[in-house]
Amino acid sequence: MVLGLSGGVDSAVALALLRALEGGCQVPIGAHAVVDGERIALDAVVVDPEGRRSVRKKADGLAAEAGVIGAALGELLLESGAQEILEA
(Lines give C-alpha, C1' and ligand atoms only; values in the text may rest on other atoms or scores of the structure.)
Protein backbone atom coordinates (compact mmCIF):
# COMPACT_ATOMS: atom_id res chain seq x y z
CA MET A 1 0.00 0.00 0.00
CA VAL A 2 1.13 3.51 -0.80
CA LEU A 3 -0.18 6.35 1.34
CA GLY A 4 0.27 10.07 0.87
CA LEU A 5 -0.24 11.33 4.40
CA SER A 6 0.88 14.11 6.68
CA GLY A 7 -0.37 12.44 9.88
CA GLY A 8 -3.43 12.94 12.05
CA VAL A 9 -6.86 12.95 10.45
CA ASP A 10 -5.62 12.02 6.99
CA SER A 11 -4.03 8.90 8.48
CA ALA A 12 -7.38 8.02 10.09
CA VAL A 13 -9.21 8.28 6.76
CA ALA A 14 -6.67 6.08 4.96
CA LEU A 15 -6.66 3.46 7.73
CA ALA A 16 -10.47 3.31 7.63
CA LEU A 17 -10.21 2.75 3.88
CA LEU A 18 -7.76 -0.12 4.43
CA ARG A 19 -10.04 -1.73 7.01
CA ALA A 20 -13.01 -1.54 4.63
CA LEU A 21 -10.96 -3.21 1.90
CA GLU A 22 -9.51 -5.71 4.39
CA GLY A 23 -6.10 -4.83 3.01
CA GLY A 24 -2.64 -4.93 4.44
CA CYS A 25 0.88 -4.27 3.27
CA GLN A 26 0.72 -6.78 0.40
CA VAL A 27 -2.50 -5.46 -1.13
CA PRO A 28 -2.14 -3.22 -4.24
CA ILE A 29 -3.89 -0.15 -2.82
CA GLY A 30 -2.89 3.49 -3.10
CA ALA A 31 -4.40 6.40 -1.19
CA HIS A 32 -3.74 10.11 -0.97
CA ALA A 33 -5.47 12.29 1.60
CA VAL A 34 -5.40 16.09 1.77
CA VAL A 35 -6.73 18.13 4.68
CA ASP A 36 -7.79 21.70 3.91
CA GLY A 37 -9.14 23.45 6.96
CA GLU A 38 -12.13 21.46 8.19
CA ARG A 39 -12.40 19.33 5.03
CA ILE A 40 -10.60 16.24 3.84
CA ALA A 41 -10.32 14.77 0.35
CA LEU A 42 -9.30 11.17 -0.28
CA ASP A 43 -8.26 9.68 -3.62
CA ALA A 44 -7.83 5.89 -3.64
CA VAL A 45 -6.98 3.20 -6.17
CA VAL A 46 -6.83 -0.60 -6.19
CA VAL A 47 -4.64 -2.09 -8.94
CA ASP A 48 -4.14 -5.69 -9.97
CA PRO A 49 -0.54 -6.93 -9.52
CA GLU A 50 0.08 -6.87 -13.29
CA GLY A 51 -1.13 -3.27 -13.54
CA ARG A 52 -3.75 -4.08 -16.18
CA ARG A 53 -6.89 -3.32 -14.19
CA SER A 54 -7.57 -0.63 -11.65
CA VAL A 55 -10.45 0.99 -9.83
CA ARG A 56 -10.05 4.61 -8.68
CA LYS A 57 -12.54 6.63 -6.67
CA LYS A 58 -12.54 9.88 -4.70
CA ALA A 59 -14.44 11.14 -1.68
CA ASP A 60 -14.44 14.22 0.48
CA GLY A 61 -16.19 15.64 3.49
CA LEU A 62 -15.64 17.03 6.94
CA ALA A 63 -12.31 16.07 8.48
CA ALA A 64 -14.13 15.25 11.71
CA GLU A 65 -15.79 12.38 9.82
CA ALA A 66 -12.56 11.00 8.34
CA GLY A 67 -13.18 7.43 9.45
CA VAL A 68 -16.66 7.37 7.93
CA ILE A 69 -15.38 8.85 4.67
CA GLY A 70 -12.57 6.29 4.40
CA ALA A 71 -14.88 3.36 5.13
CA ALA A 72 -17.50 4.59 2.64
CA LEU A 73 -14.85 5.04 -0.06
CA GLY A 74 -13.61 1.51 0.61
CA GLU A 75 -17.10 0.13 0.13
CA LEU A 76 -17.52 2.16 -3.07
CA LEU A 77 -14.26 0.75 -4.43
CA LEU A 78 -15.38 -2.81 -3.62
CA GLU A 79 -18.74 -2.26 -5.33
CA SER A 80 -16.98 -0.75 -8.36
CA GLY A 81 -14.78 -3.78 -9.08
CA ALA A 82 -12.01 -3.72 -6.49
CA GLN A 83 -13.44 -6.86 -4.87
CA GLU A 84 -12.59 -8.90 -7.97
CA ILE A 85 -9.06 -7.47 -8.06
CA LEU A 86 -8.46 -8.20 -4.38
CA GLU A 87 -9.76 -11.77 -4.66
CA ALA A 88 -7.60 -12.62 -7.69
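Which side chains meet in a salt bridge at 3.3 Å, N to O? I looked this up in a predicted model.

**Entry: the pair at 3.3 Å**
I found the side chains of Arg39 and Asp60 joined in a salt bridge. Arg39 sits in strand 3 (residues 39–47) and Asp60 in strand 4, so this pair ties together parts that are 21 residues apart in sequence.

I then checked how open the two residues are. Arg39 comes out as partly exposed, at a relative accessible area of 42%. Asp60 has 52% relative accessibility and counts as exposed, because the cut-off for exposed is over 50%.

**Entry: the pair at 2.9 Å**
I looked next at Arg56 and Asp43. Their side chains form a salt bridge, with N to O at 2.9 Å. Arg56 belongs to strand 4 and Asp43 to strand 3. The two residues are 13 apart, and the pair links distant parts of the chain.

How many salt bridges does a search of the whole structure find? I noted 2.

**Entry: confidence**
The mean pLDDT of the chain is 84. A score of at least 70 is reached by 83% of the residues.

Where is confidence highest, and where lowest? Strand 4 (residues 54–62) is highest, at a mean of 95. Strand 1 (residues 2–4) is lowest, with a mean of 47.

I also marked residues 1–5, where pLDDT stays under 50. The model gives this stretch 19 contacts beyond four places in sequence. I flagged those contacts in my notes with the pLDDT beside them.

Note on methods: Residues are numbered from 1 along each chain as its sequence is written. This is a predicted model: local features need pLDDT of at least 70, side-chain atom pairs count only at pLDDT 80 or more; totals for chains, interfaces and linings use all residues. Side-chain values use heavy atoms; hydrogens and water are left out. pLDDT is the predictor's confidence in each residue, from 0 to 100. Helices (H or I, at least four residues) and strands (E, at least two) are DSSP runs, numbered from the N terminus. Contact means heavy atoms within 4.5 Å. A salt bridge is a side-chain nitrogen of Lys or Arg within 4 Å of a carboxyl oxygen of Asp or Glu. Buried means under 20% relative accessible area, exposed over 50%, partly exposed in between (1.4 Å probe, protein chains only).
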